[in-house]
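User: I'm new to reading protein models. Could you help me see how the labels follow from the values?

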Amino acid sequence: MSHHLFLLSPSDTPLYSLSHQSTKQGASASSPLGANLPTWSTSPFSGRMSALAGAPNTAMQSAGLGGGAAGGQDRLNALRMVANASLDVLENVVFRDNGMYLKGLDKFNEWTVSAFVTAGNMKFILLHEGKNDDGIRGFFFEVWELYVKTMANPFHSAHTPIRSPVFDHRVRASAKRYL
């Protein structure tokens with residue numbers, strides 16, 4: 001099961017992103033869209049369709065391109081597009097709800113979008129498969145705590161990309177623990 005985290009500033013500028021493969025098994029709500037797509041090895045669109053669907057392309061993997069720059073970049077761009085599209089729904093929900101943790105905010109194919117919005121309007125968006133509400137809530141609160149500690153660092157400017165290896169290591173450890 002995979003998880004993709006995006007931290008966005010109040011002006012929706014991306015500050016940090018993380019892709020995490022979980023070894024824990026969760027209950028998947030539906031089958032992936034990529035499993036239903038035909039495999040057209042001669043079609044120029046086969047790699048793009050499976051990348052947009054979120055499923056790995058078997059033709060690209062057999063050629064050694066599955067984890068390569070082109071296939072991985074297409075998948076990352078598709079995930080960014082899904083996270084960005086969920087911002088409209090997030091703004092509507094935040095406008096009428098006071099909660100910080102918003103579970104199951106949006107759904108795109110097999111991806112469920114959960115979000116966490118701080119009082120300063122920082123948005124933490126997590127794309128995930130399956131259901132793990134308690135783990136996701138704990139993960140969001142721990143990432144929030146790490147974010148606050150990073151902002152308290154006098155050498156880090158607010159609303160700029162987070163490039164700290166310590167922050168990255170701790171977020172990855174938290175993802176391993178909760179997701």
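User: Which element gives the largest share of the lining of the largest pocket?

Analyst: Helix H3 does, with five residues. Keep in mind that this is a predicted model. Strand S1 (2–8), strand S2 (14–21) and helix H3 (69–96) each supply at least two lining residues. The pocket holds about 260 Å³ of space. Sixteen residues line the pocket, and those closest to its centre include Phe6, Leu8 and Arg80.

User: What makes up that lining by class?

Analyst: Eleven nonpolar, two polar and three charged residues.

User: Why is His128 called buried?

Analyst: Its relative accessible area is 3%. Buried means under 20%, so His128 qualifies with its 3%. His128 lies in strand S5 (residues 123–128), and among the residues it touches are Ser2, Trp111 and Ile136.

User: What makes the link between the side chains of His128 and Ser114 a polar contact?

Analyst: The distance is 2.8 Å, and the cut-off for a pair of N or O atoms is within 3.5 Å. The pair of His128 and Ser114 is therefore counted as a polar contact.

User: Why is the aromatic pair of Phe116 and Phe124 called stacked?

Analyst: The ring centres are 5.7 Å apart, with 25° between the planes. Centres within 6.5 Å make a pair, and planes under 30 degrees apart count as stacked, so Phe116 and Phe124 are a stacked pair. Phe116 is buried at 0% relative accessible area, and Phe124 is also buried at 0%. Both belong to an aromatic cluster that includes Tyr101, Phe139 and Trp144.

Note on methods:
Residues numbered from 1 in each chain as written. Predicted model: local features only at pLDDT ≥ 70, side-chain atom pairs only at ≥ 80, totals over all residues. Heavy atoms only, no water. Helix = DSSP H or I, 4+ residues; strand = E, 2+ residues; numbered from the N terminus. Buried < 20%, exposed > 50% of the residue type's maximum accessible area, 1.4 Å probe, protein only. Polar contact = N/O pair within 3.5 Å; in protein donor to acceptor, adjacent residues only side chain to side chain. Contact = heavy atoms within 4.5 Å. 1 Å grid on protein atoms, 1.4 Å probe; cavity = no way out; pocket = protein on both sides within 12 Å on 5 of 7 lines; lining within 4 Å. Points joined across faces, edges and corners; volume = space filled by probe spheres on them. Nonpolar A, V, L, I, M, F, W, Y, C, P; charged D, E, K, R; others polar. Phe/Tyr/Trp six-rings, centres within 6.5 Å; stacked < 30°, edge-to-face > 60°. Lists of a residue's contacts leave out its neighbours within four places in sequence.
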